Amino acid sequence: MAKSKARQDIVKPDAQSIESAARSAAKKGKLPPVHLWNPEFCGDLDMRIARDGTWFYLGTPIGRPELVRLFSTILKKEGGDYFLVTPVEKVGITVDDAPFVAVDFTASGSGEAQVLTFETNVGDVSEAGPENPIRVERDPETGEPSPYVHVRAGLEALIDRKSFYRLVEIGSVQDDWFGLWSGGRFFRIIPAAELP
């Protein structure tokens with residue numbers, strides 16, 4: 001007798017099953033094709049990514065960097081929600097700000113030919129440009145900037161403070177805006193009139 005479809009789709013969210021499926025889908029040096037996977041939603045998992053990039057499971061930091069990297073490869077954003085996705089499971093997780101933190105960057109070239117290449121806390125590399133824009137949000141009360149760079153598939157990295165200070169040192173003014181060149185595009189940070 002065949003099982004009903006509704007019965008087959010019921011999966012209890014579990015970090016171990018997600019880890020096992022992610023390991024099976026992982027190919028050395030390549031990201032799993034999460035954009036091709038669209039399983040039924042299985043529920044929320046008690047997993048959270050803090051603003052500083054720390055991953056928590058059941059309220060405890062995940063201390064194994066290779067496990068965090070593995071989970072990061074199956075992360076997917078739909079609308080404003082984040083999910084860990086495998087070919088058979090889709091579980092919701094909480095992301096406090098951005099799922100990644102850009103912890104370093106390199107700059108090559110200068111002026112309009114400059115290219116900024118960012119590295120995240122989970123080992124992703126993103127070259128800023130038209131496909132991977134840099135954006136800055138400012139706190140409406142304090143004016144404090146929060147800079148981001150697109151990494152992949154709608155997922156961004158919050159640029160850490162030390163990297164942002166280094167970026168400001170190599171910025172320039174264009175059309176009354178202070179900003180950064182990368183990949184042939186100028187990314188606005190702050191109106192030049194507001195510079196100290």
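A: Two strands pair if DSSP finds at least two bridges between them. Strands (E, at least two residues) and helices (H or I, at least four) are DSSP runs, numbered from the N terminus. The model is predicted, so local features need pLDDT of at least 70 and side-chain atom pairs count only at pLDDT 80 or more, while totals for chains, interfaces and linings use all residues. Residues are numbered from 1 along each chain as its sequence is written, and side-chain values use heavy atoms, with hydrogens and water left out.

The part to look at is the pair Phe105 and Phe118. In β8, Phe118 is the bridge partner of Phe105. Strand β7 covers residues 100–108 and strand β8 residues 115–120. They run antiparallel and are joined by six bridges.

Now the sheet around them. Six strands make up an open sheet, in the order β9-β8-β7-β12-β11-β10. Its pairing is mixed. At the edges are β9 (125–127) and β10 (134–138), each of which pairs on one side only. From one strand to the next, the twist averages 40°. Axes here are lines fitted to C-alpha atoms, for helices over the stretch in contact, and angles run from 0 to 180 degrees between N-to-C directions.

Next, the rings. Rings of Phe, Tyr and Trp (its six-membered ring) pair if their centres lie within 6.5 Å; planes under 30 degrees apart count as stacked, over 60 as edge-to-face and the rest as tilted. This rule gives four aromatic pairs. One of them is Phe105 with Phe118: the centres are 5.7 Å apart and the planes are at 40°, so the pair is tilted. Phe105 belongs to β7 and Phe118 to β8, so the contact ties together parts 13 residues apart in sequence.

Phe105 has 5% relative accessibility, so it counts as buried. Phe118 has 2%, so it is buried too.

A helix also lies here. Helix α4 (residues 161–169) lies across β7, β8, β11 (145–152) and β12 (155–159). Contact means heavy atoms within 4.5 Å. The helix runs at about 30° to β7.

Finally, a charge. Arg166 lies over the face of Phe105, 4.1 Å from the ring centre. The rule: NZ of Lys or CZ of Arg is within 6 Å of the ring centre and within 35 degrees of the ring normal.

Terms used. Buried means under 20% relative accessible area, exposed over 50%, partly exposed in between (1.4 Å probe, protein chains only).
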